[in-house]
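Please keep the sequence and the structure in view while reading the points below.

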Amino acid sequence: MTDAPPWDTLWTGAALATLAPGAPGTAAGDAYGTIPDGAIAARGGRIAWVGPRAALPSAPQALAARVVDLGGRWVTPGLIDCHTHLVFGGDRVEEWERRLNGESYEAIAREGGGIARTVRLTREATEEDLFRSAARRLRPLLAEGVTTVEVKSGYGLEPEAELKMLRVARRLERELPVRVRTTLLAAHALPPERRDDRAGYIDRIVTEMIPAAAAQGLADAVDAFCETIAFTPAEVDRVFAAARRHGLPVKLHADQLSDLGGAALAARCGALSADHLEHAGEAGLDAMAAAGTVAVLLPGAFYLLRETRLPPVAGFRARGIPMAVATDLNPGTSPVQSLRLALNMACTLFRLTPAEALAGATREAARALGLAAEAGTLEPGKRCDLAVWEIDRPAELAYWLGGGACAGRVLAGVPVDGPAPA
Ligand code: DI6
Ligand code: FE
């Protein structure tokens, strides 16, 4: 369905990677859904028209209030980072150094370091401090084409501190040019003061934190960390049941360090995504395929932890399980402030193709956030969130390590940075 002109803005002279292979005007058999000499129009913040320039119904100037010639640059959907822990207090540089000296992540976590340290610093931080440090980490993502970012809580681990993190995430959307999806991750770690009361902490998540986050409109989803150093499948089940009662979709940190059956649990609970998955087994993959669960790959954590067990990418492919790629931006295991670096790592370490990686940071990332109808491809009706690139081929988005190829972004049809209109 396309909107008849007049449109608000029409961009011409662009090579479009629509990420909608097979859509009208795209080259046959091309995974990027390329339209080599394309045009794209916005009205009311949505994509009103997309196709080959030659197929425009009349001269560009007659079609839109504003016409922008992109001079042959590439346009993709705005990038989507669908898994981050962007808001936190302090950092963990010192522990990183310890790990490089041979200590394991689990050992440091068991003796009160790791997540517990960030929890202390996050509880102590003011909302203003948290906002400022998170904004500082977010800006480099925006500068490389990200238009939507998911932000988890999970370093507060008590009602007020978890809600504080989510308020900071919401404020990022109000004050920076980006769309933010928030996720309550109260089941990230057992707070130090609850060492001997696991059930009591889960009760608190179920009876206080999820209801409060839902009532205040602070959470778009609920996540949990299912792992030997975190929560059991039975505990996650209780958390997810409460999410369901409050109408919130769920996601799961699953099978990152060991196989606790997290992939199957996520699938059984109808989760939007199961994330990490290095240790996921065949049964888990079968369940994900049947349920339509997205696999979110986080090569930054794999890289920083110097893991060797690869996520079962061939198994995802064979079953048609959609693969997203995200930074996992967090202080402990993935201090990655570049989604494009994550794309490169997904290719180099996990052997994704560059087209799979780009789809993983656009179309499939949107799906992992429940935004498939809204974002992630260049198709009429979707929100007009675009990234404009100084590249010759879309594979370059995963190829280059570093370098600033992003020439600008468009949010809901409005250029927020980058090339001025012609
Ligand atoms: N998995 C991870 O890799 C991070 N959280 C999670 O659930 C680690 C977070 C941290 O160490 O601060
Ligand atoms: Fe994570």
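Domain bounds, as used here, come from an automatic or database domain assignment. For this chain, which is a predicted model, the assignment gives domain 1 (7–76 + 376–417) and domain 2 (79–369). The points below begin with these domains and then turn to cores, aromatic rings and backbone features.

**Domains and annotation**

- The C-alpha centres of domain 1 and domain 2 are 30 Å apart.
- At the contact between the domains, 27 residues of domain 1 meet 24 residues of domain 2.
- An unreviewed UniProt entry lists residues 74–399 as "domain: Amidohydrolase-related".

**Nonpolar cores**

- In soluble globular proteins, nonpolar side chains tend to be buried together.
- The largest nonpolar core of this model contains 104 residues. Leu138, Leu172, Leu184, Ile205, Leu252, Leu277 and Trp389 are those with the most contacts inside this core.
- Leucine 138 touches Leu86, Val149, Leu172, Leu176 and Val178, when residues up to four places away in sequence are not counted.
- Another core, of 17 residues, lies apart from the largest one. Among its residues are Ile35, Ile40, Ala42 and Val410.

**Aromatic pairs**

- The model has 5 aromatic pairs.
- One of these pairs is formed by phenylalanine 88 and tyrosine 155, which are edge-to-face, with 6.2 Å from centre to centre and 70° between the planes.
- This pair links distant parts of the chain, as its members are 67 residues apart. Phenylalanine 88 is in the loop between strand S6 (79–81) and helix H1 (93–100), whereas tyrosine 155 is in the loop between strand S7 (146–152) and helix H5 (159–175).
- Phenylalanine 88 is classed as buried because its relative accessible area is 4%, where buried means under 20%. Tyrosine 155 is likewise buried, because its relative accessibility is 2%.
- Phenylalanine 302 and phenylalanine 350 form an edge-to-face pair as well, with 5.0 Å between the centres and 80° between the planes.
- This second pair also links distant parts of the chain, 48 residues apart. Phenylalanine 302 belongs to helix H10 (residues 299–304), and phenylalanine 350 to the loop between helix H12 (339–348) and helix H13 (354–360).
- Phenylalanine 302 and phenylalanine 350 are both buried.

**Charges over rings**

- Arginine 137 lies over the face of phenylalanine 88, 3.6 Å from the ring centre.
- Arginine 171 is placed over the face of phenylalanine 131, at 3.7 Å from the ring centre.

**Backbone features**

- The peptide bond from proline 5 to proline 6 is cis, with omega near 5°. Proline 6 is located in the segment before strand S1 (7–17).
- Leucine 19 is not a glycine, yet it has a positive phi of about 60°. Leucine 19 is found in the loop between S1 and strand S2 (34–43), and it counts as buried because its relative accessibility is 0%.
- Aspartate 328, although not a glycine, has a positive phi of about 60°. Aspartate 328 lies in the loop between strand S13 (323–325) and H12, and it counts as buried because its relative accessibility is 2%.

Conventions. Residues numbered from 1 in each chain as written. Chains lettered and ligands numbered in written order. Heavy atoms only, no water. UniProt positions renumbered as here; feature names shortened; annotations may be inferred. Phe/Tyr/Trp six-rings, centres within 6.5 Å; stacked < 30°, edge-to-face > 60°. Helix = DSSP H or I, 4+ residues; strand = E, 2+ residues; numbered from the N terminus. Buried < 20%, exposed > 50% of the residue type's maximum accessible area, 1.4 Å probe, protein only. Lys NZ or Arg CZ within 6 Å of the ring centre and 35° of its normal. Core = buried A, V, L, I, M, F, W, Y, C linked by side-chain atoms within 4.5 Å. Contact = heavy atoms within 4.5 Å.
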